[in-house]
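This report describes how one chain is put together. It begins with the packing of helices on the sheet and then turns to the cores.

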Amino acid sequence: MAQAIVGPKLLAGDSAGANLAASVSATRDDIIGQMLIYGSFGRDHTLPSYARHAFAPMLTLADMEFYGAMRFDGGMPARDVTAVPLDAEAFGDLPPTVLFSAEADPLASDSVEYAARLAEAGVPVELTEEPGMVHGYLRARHMSKGARASFARMIKALEGLAAQDGDQ
């Protein structure tokens with residue numbers, strides 16, 4: 001029988017995993033930090049990046065609509081922070097957060113919106129938009145200088161989030 005991990009936790013995820021990590025953080029009080037990488041956090045597809053990068057390589061707006069229809073058979077639930085992290089009524093109880101977005105990604109504006117809500121609530125937050133990168137760029141970290149450099153920044157940010165647990 002599996003046992004739960006006791007003690008503080010640090011969550012990290014990319015793409016759908018970023019949505020999942022943010023959703024879990026919204027419902028738990030033992031998360032000390034979260035790293036969210038090019039995630040989908042809201043439901044507003046009129047934000048700037050959705051139009052600007054509707055036909056971006058690796059992820060298009062049509063792809064997002066397809067995945068949403070698969071995930072929410074019958075339509076997206078109304079106001080559900082476990083599905084849509086930006087549906088939260090309050091953000092002040094969320095842990096320190098590091099976000100990475102890709103410049104050429106329909107989802108880039110979701111990271112901007114999520115970071116803004118955290119900052120307004122007084123939560124320590126850092127947002128890095130990686131120039132020239134597309135959704136899923138971490139797959140290219142062994143081939144692309146930019147993706148490799150971003151991955152190195154992510155490792156440093158994770159170390160920083162983990163180290164702040166000792167400060168509490």
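## Helix packing and basis

Helix 4 lies across strand 2, strand 3 and strand 4, and runs at about 150° to strand 3. Helices (H or I, at least four residues) and strands (E, at least two) are DSSP runs, numbered from the N terminus. Axes are lines fitted to C-alpha atoms, for helices over the stretch in contact; angles run from 0 to 180 degrees between N-to-C directions.

The model is predicted: local features need pLDDT of at least 70 and side-chain atom pairs pLDDT 80 or more, whereas totals for chains, interfaces and linings use all residues. Residues are numbered from 1 along each chain as its sequence is written, and side-chain values use heavy atoms, without hydrogens and water.

Four strands form an open sheet in the order 1-2-3-4, with parallel pairing (two strands pair if DSSP finds at least two bridges between them). Strand 1 (9-14) and strand 4 (125-134) are at the edges with a single partner strand each, so one side of each has no neighbour in the sheet. On average, neighbouring strands are turned by 10° against each other, direction ignored.

Seven bridges join strand 3 (residues 97-104) to strand 4 in the parallel sense. Val 98 has Glu 126 in strand 4 as its bridge partner.

## Cores

The largest nonpolar core has 16 residues (buried Ala, Val, Leu, Ile, Met, Phe, Trp, Tyr and Cys residues joined through side-chain atoms within 4.5 Å; buried means under 20% relative accessible area, exposed over 50%, partly exposed in between, with a 1.4 Å probe and protein chains only). Helix 1 (16-25), strand 2 (31-37) and helix 4 (108-120) each give two or more residues to this core. A second, separate core of 13 residues includes Met 133 and Tyr 137.

Key
Contact = heavy atoms within 4.5 Å.
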